[in-house]
Each structure stands twice: as C-alpha cells, then as structure tokens.
Amino acid sequence: MKRRKVDLKALPGKSAQEVDTRLPVATPLRGVLNKVFPDHWSFLLGEIALFSFIILLLTGTFLALFFEPSLQEVHYDGSYLPLQGVEMSRAYETALDLSFDVRGGLIMRQMHHWAALLFMAAIVVHMFRIFMTGAFRKPREINWIIGLSMFWLGFTEGFAGYSLPDDALSGTGLRIASAIMLSIPVIGSWVTTSLFGGEFPGEIILSRLYILHVFLLPLILLALVSIHVGLVFVQKHTQWPGPGRTNKNVVGERMFPRYAIKQGGFFMLVFAIIALMGGLFQINPIWLFGPYEAAVVSAGSQPDWYVMFLDGSTRLMPAWDIRFLGYNIPPLFWPTVVLPGILSVLPMAYPWIEARWKKDYASHNLLQRPRDVPDRTGLAAMAGAFYLVLTISGGNDIVADKFHISLNAMTWAGRIGLLVLPPLAYYFARRLALGLQQHDREVLAHGVETGIIKRLPDGRFVEVHQPLVAPDEHGHTDLPYVGWTVPKKMNRLGALGPAIRGFFRPIEQSAPPKQEEQPREEVTSGKP
Amino acid sequence: MTPDTPRLAAGAPKQRSRVRRRLNSALRMFAALVFAGGIYAIVAPGGAQGAAPLTPAAEAGKALYDVSCISCHGANAQGVPGRGPSLIGVGSAAVEFQVETGRMPAARQEAQAERKDPMFTNDQARQLGAFIQELGGGPQLPEGEDFASKGNIARGGQLYRINCSSCHAFSGGGGALSSGKYAPSLDLATDRQIYAAMLTGPQNMPVFGDNELDPQDKFDIIAYVQSLQTDSDPGGWGLGRFGPVTEGLAIFLVGVVALVFAALWIAGKS
C-alpha cells in the first residue's frame with residue numbers, strides 16, 4: 001500500500017479551511033485577531049487580575065474535589081498530630097486533609113489563596129491606573145462601573161472563601177460579618193437569621209457560602225470579566241497621546257501573533273509568581289488556628305488585606321450608640337455598612353461628577369498623564385491615603401505589638417490620620433502634578449538642561465539649555481505640549497527609549513560614533 | 001495637778017514630795033521598760049539572728065537580694081511605694097520567672113518589664129526564689145525541667161486556644177494589650193517559665209491557679225506551646241506567623257512588585 005505523504009506545512013491552513021467550511025468563523029475572527037492594541041506597561045495591570053482569576057478557577061476546581069462544606073461533627077484522625085482526636089467540623093477536617101494528606105493539596109491551597117490576594121491587589125492597582133489616567137471617561141463609564149462591581153464581588157468572593165475552612169480565624173470573621181448584618185437597623189435581624197438559617201452559626205451557613213463561593217459569584221465574575229474585556233474590544237483600548245496617535249485611531253501591535261504571544265508569556269509569569277509564592281510562603285495556616293469554637297478568639301485575628309480597611313474603620317470608630325425612635329443604631333453600623341456603601345456608590349458616579357465639574361462631555365480615547373489633571377491626581381492620592389490609614393488601622397494591634405507602640409496611641413493616630421492625611425495627600429499630589437507640568441513647559445520653552453555651566457562676561461553663571469527646535473531671537477521655543485513625555489535628558493533627545501536595546505544587559509552593540517564631515521558647532525545657550 | 005488648784009496651797013514640803021514622786025515614777029517606768037524589753041527579748045524573734053535560720057540557698061539568695069533587689073522591693077521585701085511591690089507571698093515561682101527571663105531587675109519603670117538577657121544564672125534565680133519563699137511563702141514550681149513530655153499536645157492545643165490565644169495569639173507570637181502593655185511572645189519560654197507564668201500571673205497576665213488549670217492541664221499547654229516552636233512551617237516561610245497582615249504585605253512587596261517589573265519588561269519588548 002502506498003503511504004500518502006503528509007505536507008506538514010499545509011496542515012494548519014488546510015485544517016482551518018475545513019473548520020471554516022463548516023463554521024463560518026473566518027470573518028469575525030479576522031477582525032478580532034487583527035485588533036490593534038497599544039503597548040504600555042501600565043495597560044498590563046488589569047491582565048494580572050485576569051490571569052490570577054484563571055489560576056483561581058483552576059486551583060479552586062482542584063480544591064473542590066477534596067473539600068466538603070459540612071458542619072457535621074467529627075473527630076480528627078489525620079496526620080497532623082497536634083489536632084489528633086480533637087472534635088471539629090467535617091469542613092475543617094477536609095481542609096486539613098487537603099493540607100496534609102492530599103498530594104499537592106497544600107501548594108494548591110496556598111496558590112489559591114495567594115492568587116486571591118493578588119487578584120484583589122491587581123484590581124486595586126489597575127483601578128488606580130484607570131482613574132489617574134482618565135480612562136473611565138466617556139465612552140467607558142460602564143466599564144468603570146463593571147470594574148468597581150468586580151472589586152466588590154471579588155471582595156465578597158474572597159470573604160466567602162476565607163470563611164469556608166471553618167477554622168477559628170474564619171469562624172471569627174463570620175461572627176463579625178453576622179454582627180455587621182445585625183447592626184443594620186430594622187432589617188438586620190431578619191437578614192441575619194435568614195442567611196444563617198436561625199442563630200449564628202447554625203448548620204446551613206457553610207453550604208450556602210460554598211455554593212456562593214464555587215458557583216454563583218465565580219459565574220457572575222466570569223460574565224463580568226467577559227463583558228469587561230469585550231467592551232475593551234468594542235470600544236477599543238485607550239492609548240497615550242503621541243506622534244500619530246489621535247482620538248480616532250489606535251497605534252500598537254496586532255492581537256495576533258505578537259500581542260497574543262506577549263500575553264501568553266505574561267500569563268506564564270503571573271502563574272510563576274503565584275506558584276513561587278504558593279511554594280515558598282506559608283499562607284493561612286489553618287492547622288495553627290484550630291477548629292472554630294465560639295469561645296476562641298485569637299489575638300491578631302485579621303481578615304485578608306482587602307477587607308482589612310473595614311476592620312480598621314471599626315477599630316477607629318468611637319463608641320457612639322444612637323437611639324432613635326425606639327431603635328438602636330449601634331456604632332458598628334457606620335464604619336461597616338454606611339462607609340462601604342458610600343465607598344461603592346461614590347466612585348461609580350465619579351465619571352459623571354467629573355464631567356459636570358470639568359464641563360467636559362466629549363468622548364475620549366486618549367489618556368491623560370496624571371500630572372495634567374492635578375485635581376484628579378490629588379483625589380486619587382486622597383482616596384489612597386484614606387484607604388491606607390484604614391488598612392493599617394485594621395492591623396494596628398500587630399503594628400503596636402511589634403514596633404512597641406501603645407495600642408491606644410495607634411488608635412488615636414489612626415483617627416487623627418484619617419482626617420488629616422487625606423487632605424494633605426491631596427495637597428501634595430496636586431502640587432507635585434503642577435510642578436511636573438511646569439517643568440515640562442519649561443523644557444518646551446527653553447530646552448533640556450545640559451548640565452553645562454557657563455560663566456558670562458559679567459560674572460554670572462548660567463546653565464546651558466539645549467533647545468528642542470531652533471529658538472527665536474529671545475532663545476525661546478514655542479512648542480505645544482501634546483500630553484506625552486517631554487525629553488528631560490540629553491540622551492533622550494530624538495529617541496523615546498534608550499538608545500541601546502536590552503532590559504537587563506545590552507543585546508546589541510552600540511554603533512561606532514559617526515565621523516562627520518563638518519566640524520560640529522559648540523552647544524550654546526542659544527543666545528547670539 | 002489641776003489648773004484650778006490654788007497656787008498658794010503649794011508649799012516647800014509639797015515640793016519635795018513632788019520630786020520624790022517624779023523619781024519614783026521614773027524608776028517604775030525604767031523597771032517596766034526593762035521588764036517589757038526582757039520579755040520581748042525572750043519571747044519575740046529578735047531581728048534576723050533570732051529567726052529560724054535560712055537554708056544555705058536562701059542565705060545566698062538574701063545576699064543577692066541585698067545588692068540587687070533591695071532598692072525597689074525594700075529591706076524586708078515589703079515593697080517601696082512608687083518603685084516596687086511587696087514580695088511577701090509571691091512565692092519562689094514568681095521570683096524564678098521574673099529573674100530567669102531577665103525581666104527583673106527591671107531596666108526602667110514602664111508599662112511592662114521586657115524579657116531581656118538575665119542578670120543572674122538559673123541557680124542564682126532559684127536561690128533568690130528560695131529566699132523569698134522562706135520569707136513569705138507562696139506558690140512553688142514542681143520539680144524537674146521537662147514538663148512538655150508529660151503533656152498531651154492535642155488537649156493542650158484546645159486549652160491553649162481557649163485560655164491563652166486571645167492574648168498570646170494562635171502562634172504564641174504575642175499580641176498587643178491596651179496602653180503599651182502586651183502579651184509577650186512565647187518563643188523563648190522554657191517549660192518552667194511557662195508553668196511559673198500560669199501559676200503566678202506575672203505583670204498583666206491573669207493567674208491560672210490550680211483551680212482553673214490543674215497541673216496536668218498546665219503540662220498539656222506547655223506541651224502544645226513547645227510543639228509550636230518545634231513545628232516547622234509545612235507551607236514554607238511562615239512570614240512570622242502574624243496572619244493576614246504580613247500576608248497582605250507580602251502580596252504587594254513580592255507579588256505586585258515582581259509583576260509590575262514583569263509588565264515593564266514585557267511591554268518594553270517591541
């Protein structure tokens with residue numbers, strides 16, 4: 001029988017042809033694969049969150065194979081000796097088995113937890129990037145709102161996951177959550193009893209959190225992620241202003257092959273960092289916390305970092321008990337229900353607030369440098385300072401203990417800091433932005449500082465500036481600011497990047513200096 | 001002599017008898033004093049010489065006490081207001097704990113004396129303890145150095161989580177209390193020190209007497225605390241076992257920083 005020769009080179013094209021004749025995907029795929037993405041490091045921050053989410057789905061699936069969210073009481077009989085024979089829930093037992101008796105279980109658990117922390121961290125960093133560059137402006141307000149919703153969904157998802165193992169720490173967190181719900185006037189007790197199926201802790205809460213954690217919230221998150229990324233395709237990615245870049249075009253690389261390959265590489269890097277952290281750093285050692293018992297509340301009981309700001313706001317809140325029309329509004333209500341309420345609604349409305357404030361209702365596809373909108377940059381710094389003070393206050397007992405500060409002093413520092421630091425941060429960030437703006441304008445008007453000091457005949461010293469274009473008779477250049485980097489160093493002139501390529505070490509030889517025919521003119525101040 | 005006695009009534013013979021009377025009363029007073037003093041010298045313990053003799057260890061402890069502790073706790077361990085409390089009745093357990101961990105002699109007056117390198121050897125600390133014990137009695141430690149091996153770790157863990165973790169934290173790493181006070185880390189504590197701390201409640205710690213935690217309970221807790229120190233973190237570097245605070249710090253300092261550099265690197269490749 002004659003063997004048919006397979007032409008390997010024609011194979012991909014041929015199979016694609018076969019697919020396309022059955023499923024007409026070529027036309028829409030061509031559009032997607034040819035999509036152009038602008039390239040800048042700060043556009044990759046959201047990808048960190050996306051890739052962490054994928055790793056969360058993968059590791060979470062593995063964990064779900066071994067975990068049982070049951071509150072049935074058992075006696076531990078696994079390989080961790082210090083808990084041998086201790087009465088605990090089946091959920092805690094299976095979480096311990098995952099850590100000690102399932103092959104690869106511990107690293108999967110740790111990767112899952114680190115990926116969750118990274119997911120939330122990347123969301124916050126990405127959100128700051130979007131905010132400070134004005135990427136939320138028309139037409140992208142909806143994506144901004146979706147992004148914010150994903151933060152709060154991730155927050156809830158993370159808290160649900162933190163509560164599942166039923167160790168002493170997660171039980172304490174759940175107890176606090178039930179207290180927060182109870183603090184809501186009028187409906188609080190109804191909400192709590194219906195969620196817990198009666199009094200805390202009841203027997204149903206873990207099953208409910210489980211279905212929330214492994215099915216409902218991930219599904220909603222996945223849908224929102226798809227819409228979030230889909231809208232970037234539909235509305236196109238924003239880009240920095242620069243040569244050839246307008247509000248109507250996108251300058252960058254095509255989705256396929258270059259951008260897709262780079263993204264694939266970046267996914268591997270995110271995966272690598274999470275795997276490294278999962279393997280090297282211990283996270284959430286549930287075996288040290290022990291099983292949850294109502295009487296057990298350890299010192300240093302904190303939520304994960306993205307919930308810690310609520311812990312901090314609770315610690316800073318004065319004990320103001322308000323009685324109103326026969327109802328009691330406990331002090332817990334303000335820092336844990338009202339504050340997050342404001343913090344979720346206000347940023348969602350911000351795109352419209354800013355449009356009104358700046359009277360700017362136009363569509364924007366070009367980004368703004370943080371220095372060019374000092375008010376907004378100041379607001380970002382203000383929000384960051386506010387959040388940071390609350391987050392540090394959430395761990396103020398650890399800070400107080402390890403740095404030998406009085407805990408009372410930490411609380412008062414937090415209270416005063418919460419009111420004083422955000423306005424200061426606003427002021428300093430705004431001045432910083434204005435100063436950077438001014439320096440840009442100075443370079444455009446006078447040129448780059450050369451570092452050459454010249455002594456004039458009358459004895460004055462002046463620094464020689466290299467004008468960017470031929471100056472007028474006063475030595476000034478009248479260049480418009482286009483909203484992008486202004487060269488500030490002599491070796492940046494005429495090139496946007498460093499002259500020699502290579503990140504860690506040069507990957508090319510520098511060209512030998514050109515032998516010019518005419519003697520070069522001396523660099524002068526531009527004055528005649 | 002009453003004030004309304006007429007002065008005219010006072011004559012010379014009366015004056016003589018007054019002198020004699022005074023002399024008599026002085027003699028009677030002297031005799032009474034000699035009698036009372038004699039009785040006291042016979043019946044009452046007259047100073048240190050008259051007390052039950054101290055054991056050699058306590059004698060050595062007293063010598064140490066007289067040069068290192070006396071300025072704050074007083075010559076008879078009765079305490080000095082504003083400086084140091086009375087040591088009567090604290091027992092040798094408290095003395096051994098405070099001295100062996102270096103908390104006493106205290107470096108300065110502050111919210112809480114800190115653990116530091118001890119000034120005395122363990123033998124000297126026990127001599128001091130013997131002196132205080134013989135002076136005023138109080139709780140004493142059981143014999144032996146190794147209590148951990150007598151305890152059940154799993155039971156100790158349960159007792160630890162209920163009784164100790166609210167201040168010393170799940171990891172034994174310690175935690176903050178109000179106004180600069182704190183529950184110290186248990187990393188360096190020996191079996192005897194943990195036992196003594198539970199028995200005597202040093203500084204801000206409550207006393208866990210034998211009614212609350214019987215000796216076997218204490219052995220169990222000690223076994224668990226010591227197992228925390230020897231238990232190497234199976235998940236990698238424990239980040240100080242501070243819980244989510246250092247984990248949050250790590251994700252930003254390691255995870256986010258590394259990935260921002262990765263983003264800079266990838267985006268620079270074009």
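What covers the buried residues of H7(A)? The cover includes helices H6 (141-163), H8 (188-196), H9 (205-235), H11 (286-289) and H13 (333-358) of chain A, together with helix H11 (244-268) of chain B. Here, contact means heavy atoms within 4.5 Å.

## Before we go on

This is a predicted model, in which local features need pLDDT of at least 70 and side-chain atom pairs count only at pLDDT 80 or more, while totals for chains, interfaces and linings use all residues. Residues are numbered from 1 along each chain as its sequence is written, chains are lettered from A and ligands numbered from 1 in the order in which they are written, and side-chain values use heavy atoms, leaving out hydrogens and water.

## A helix on the inside

Helix H7 of chain A runs over residues 168-182. Its 15 residues reach 21 Å from the first C-alpha to the last, close to the 21 Å expected at 1.5 Å a residue; the expected span is 1.5 Å times one less than the number of residues.

Because 11 of its 15 residues are buried, H7(A) is largely enclosed by the rest of the structure. Buried means under 20% relative accessible area, exposed over 50%, and partly exposed in between (1.4 Å probe, protein chains only). Among the buried residues are A:Ala168, A:Leu169, A:Gly173, A:Ile180 and A:Met181.

## Chain A as a whole

Chain A has 16 helices and eight strands. Both kinds of element are DSSP runs numbered from the N terminus: helices are H or I with at least four residues, strands are E with at least two. The C-alpha trace spans about 90 × 90 × 45 Å along its principal axes, and 43% of the 528 residues are buried.

A cis peptide bond joins A:Lys138 and A:Pro139, with omega about 10 degrees, and A:Pro139 sits in the loop between helix H5 (105-132) and H6. Another cis bond leads from A:Phe200 to A:Pro201, with omega near -5 degrees; A:Pro201 belongs to the loop between H8 and H9. In the loop between H7 and H8 you will find A:Val186, which has a positive phi of about 65 degrees although it is not a glycine. With 53% relative accessibility, A:Val186 counts as exposed.

## Chain B as a whole

Chain B contains 11 helices and two strands.

## Two loop residues of chain B

B:Lys150 lies in the loop between helix H6 (122-136) and helix H7 (153-163) of chain B, and is partly exposed at 42% relative accessibility. Which residues does B:Lys150 touch, leaving aside its neighbours within four places in sequence? They are B:Glu143, B:Gln216, B:Phe219 and B:Asp220. B:Gln216 is 66 residues away from B:Lys150 in sequence, yet their C-alpha atoms are 7.9 Å apart.

B:Gln203 is not a glycine, but has a positive phi of about 50 degrees. This residue is in the loop between helix H9 (191-200) and helix H10 (215-230) of chain B, and its relative accessibility of 34% makes it partly exposed.
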